[in-house]
Amino acid sequence: MSRSEQFASDNYSGVCPQAWKAMEAANRMDEPAYGEDSWTQRASDGLRSLFDTDCDVYFVFNGTAANSLALASMGQSFHSVICHELAHIETDECGGPEYASNGAKLLLGQGENGKLTPESIEHLVTKRTDIHYPKPKAVSLTQATEVGTIYTPDELRDIRTLADQYKLNIHMDGARFANAVAALDVHPSEITWKVGVDVLCFSGTKNGLALGEAVVFFNKALAEDFEWRCKQAGQLASKMRYISAPWCGLLENNVWLENARHANASAKRLADGLARLPGIKLRYPRQVNGVFVEMPEALQAALRAKGWRFYNFIGGSARLMCSWATTPAVVDQFLADVRQLQS
Ligand SMILES: *Cc1c(COP(=O)(O)O)cnc(C)c1O
């Protein structure tokens, strides 16, 4: 399998050239450790300028840590966090958020296409208010969602209005934040602090880094002592510049946005091609870089036998993910293989 002959995940892809180059530049000289270096300063300033606001920025190794530590900073161990039942923090983080917060409970809400609705959140907040129930303190939204859909600025505003009513903090799992910004064609501030997001976990990994997520606190009060939380959790990189320099590579010339646009366009090409074929149905609307399709088991098996890689998701639909590295030729080859297997 060559690097890009797969649709398993955006994190199968390698490091984009701009990030690689920045890492190489950071390797030329000694620099202070633990984030006291010039690259970390530049990357943090770059994120402040990108979001057009004075936010606090921390870099950690992966998304599970970013989410878990960010959520832990939003409440006490007796609080709860409302998230969608399909949320990564519920299904794929091995209890990380509960562990990092010493026991805060996740309360699962519903909503079509992987999106929490204000009604579902309100139901969870109001169904119990007694001392025996963990008190809701935060809402976690995934943007773009686990099923490749996006919250519009209006939807986010409605959730903020409700959150204000019940004094809830808002956390955003931005594993695919870049893809959401690209798809909505908005300024990053319009789906974060301007609609009351308190903390964003902005993924570099799925956008084209080797590793490294930025935890961005728009609500700076929540960031109090966050560096100690990171250190205790084993998330303070001593050679921090190897995370932050590649971030500089992503931020310069909006490479992050170009990477996301490319991934989204690749998924659109794939979805459009698949939609034209018989017996194949899109399970969710294709909005970012993932295509979720229902196709016969035998066809899936035959594609895998040809070497294609992809995961199955919820009720057997195939999840086909594109990244910065997905080429049109690979998309077309996949479509050609499907057509050939169907004939
Ligand atoms: C990939 C992903 C993460 C982060 O996962 P790690 O493997 O811990 O880096 C978080 N949320 C969502 C929705 C993801 O897809």
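Which residues does Asn-179 touch, not counting residues up to four places away in sequence? I began my notes with that question, working from a predicted model.

**Entry 1: Asn-179**

I found Asn-179 in helix H8. I looked up its contacts beyond four places in sequence and got Ala-260, Ala-263, Asn-264, Val-288 and Asn-289. Asn-179 has a relative accessible area of 5%. The cut-off for buried is under 20%, so I noted Asn-179 as buried. I also took one distance: Asn-179 and Asp-154 are 25 residues apart in sequence, and their C-alpha atoms are 18 Å apart in space.

**Entry 2: the whole chain**

I then stepped back to the chain. I counted 13 helices and 11 strands. The C-alpha atoms fill a box of roughly 60 × 55 × 30 Å along the principal axes. I checked the radius of gyration against the value for a compact globule. For 343 residues that value would be near 20 Å, and the chain has 20 Å, which agrees.

I looked up burial next: buried residues make up 53% of the 343 residues. The chain exposes about 15,000 Å², and carbon and sulfur atoms supply 49% of that area. Of the contacts with a separation of 6 or more, 75% are between residues 24 or more positions apart. For the charges, I noted 34 positive and 40 negative, with mean positions 4 Å apart.

**Entry 3: the two domains**

How is the chain divided? I wrote down domain 1 as 17-253 and domain 2 as 255-342. Their centres, taken over C-alpha atoms, are separated by 27 Å. I looked up the contacts between them: 28 residues of domain 1 are in contact with 19 residues of domain 2.

**Entry 4: helix H10**

I turned to helix H10, residues 241-251. Here 10 of the 11 residues are buried, so the helix is largely enclosed by the rest of the structure. I listed the buried ones: Arg-241, Ile-243, Ser-244, Ala-245, Pro-246, Trp-247, Cys-248, Gly-249, Leu-250 and Leu-251.

What do the buried residues of H10 pack against? I found helices H1 (17-26), H2 (38-51) and H11 (255-275), together with strands E1 (56-60), E6 (199-203) and E7 (213-217). After H10 comes Asn-253, and I noted that its phi is positive, near 55°.

**Entry 5: Glu-31**

I went to the loop between H1 and H2, where Glu-31 has its place. Leaving aside neighbours within four places in sequence, I found Glu-31 in contact with Asp-37, Ser-38, Trp-39 and Arg-241. Arg-241 is already in my notes as one of the buried residues of H10. Glu-31 itself is partly exposed, with a relative accessible area of 22%. Glu-31 and Pro-17 are 14 residues apart in sequence and 22 Å apart in space, C-alpha to C-alpha.

**Entry 6: Gln-143 and a cis bond**

I looked up the peptide bond from Gln-143 to Ala-144 and found it cis, with omega near -5°. Ala-144 lies in the loop between strand E4 (135-142) and helix H7 (153-165), and Gln-143 lies in the loop between E4 and H7 too.

Is Gln-143 buried or exposed? Its relative accessible area is 0%, and I noted Gln-143 as buried. Not counting residues up to four places away in sequence, Gln-143 touches a list of residues including Thr-149, Ile-150, Tyr-151, Met-172, Asp-173 and Arg-176. Phe-177, Ala-180 and Leu-184 are among them as well, and I noted that helix H8 spans 177-184. For distance, I took Gln-143 and Thr-129: they are 14 residues apart in sequence and 29 Å apart in space, C-alpha to C-alpha.

- Asn-102 has phi near 60°. I placed Asn-102 in the loop between helix H5 (96-100) and strand E3 (105-109). At 67% relative accessibility, Asn-102 counts as exposed.
- Asp-185 has phi near 55°. I placed Asp-185 in the loop between helix H8 and strand E6. At 60% relative accessibility, Asp-185 counts as exposed.

Notes:
Residues numbered from 1 in each chain as written. Predicted model: local features only at pLDDT ≥ 70, side-chain atom pairs only at ≥ 80, totals over all residues. Heavy atoms only, no water. Helix = DSSP H or I, 4+ residues; strand = E, 2+ residues; numbered from the N terminus. Rg over C-alpha atoms; globule rule 2.2 N^0.38 Å. Buried < 20%, exposed > 50% of the residue type's maximum accessible area, 1.4 Å probe, protein only. Contact = heavy atoms within 4.5 Å. Areas by Shrake-Rupley, 256 points an atom, 1.4 Å probe, with all protein chains shown as cover. Lys, Arg positive; Asp, Glu negative; His and termini not counted. Charge placed at Lys NZ, Arg CZ, Asp CG, Glu CD. Domains from an automatic or database assignment.
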